[in-house]
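Me: I have a model open and want to learn how to read it. Please take me through some features.

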Amino acid sequence: MPDWCPKCNAMLAPGLEVCPVCSAKLGKKQDGQYSGQDIAWLSFYIIAIALIPVLIALGIGFICVLTNR
């Protein structure tokens, strides 16, 4: 699985400490660790999936209110 530079988004070979494109220092990531960006996207997906039933219920409620007038 390729790694990506957090500064310039260049594809990196595993194990590099410095990006060859923009010279950004890369933190060493151990197997099983998540970056802040990974956690943010995972949180976004979980919240989005949790909100789907709420939005469906609100939509059904709104339709019921409109049809009962």
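**Reading the model**

Reply: Start with proline 20, which counts as exposed at 63% relative accessibility. Buried means under 20% relative accessible area, exposed over 50%, and partly exposed in between (1.4 Å probe, protein chains only). Proline 20 sits in the loop between strand E2 (11-12) and H1. Helices (H or I, at least four residues) and strands (E, at least two) are DSSP runs, numbered from the N terminus.

Me: What kind of model is this, and what are its ground rules?

Reply: This is a predicted model, with residues numbered from 1 along each chain as its sequence is written. Local features need pLDDT of at least 70, side-chain atom pairs count only at pLDDT 80 or more, totals for chains, interfaces and linings use all residues, and side-chain values use heavy atoms, without hydrogens and water.

Me: What is the mean pLDDT of the protein chain?

Reply: pLDDT is the predictor's confidence in each residue, from 0 to 100. The chain's mean is 86, and 90% of its residues reach 70 or more.

Me: How many disulfides does the structure hold?

Reply: A disulfide is a pair of cysteine sulfur atoms within 2.5 Å. The structure holds zero. The sulfur of cysteine 19 is 3.7 Å from its closest cysteine sulfur, in cysteine 5, too far for a bond. For cysteine 22, the closest is also in cysteine 5, at 3.6 Å, again too far. Cysteine 19 is buried at 1%; cysteine 22 is partly exposed at 23%.

Me: Where does H1 kink?

Reply: The bend at a residue is the angle between axes fitted to the seven residues ending there and the seven starting there. In H1, a kink of about 30 degrees lies at isoleucine 52, shortly before proline 53.
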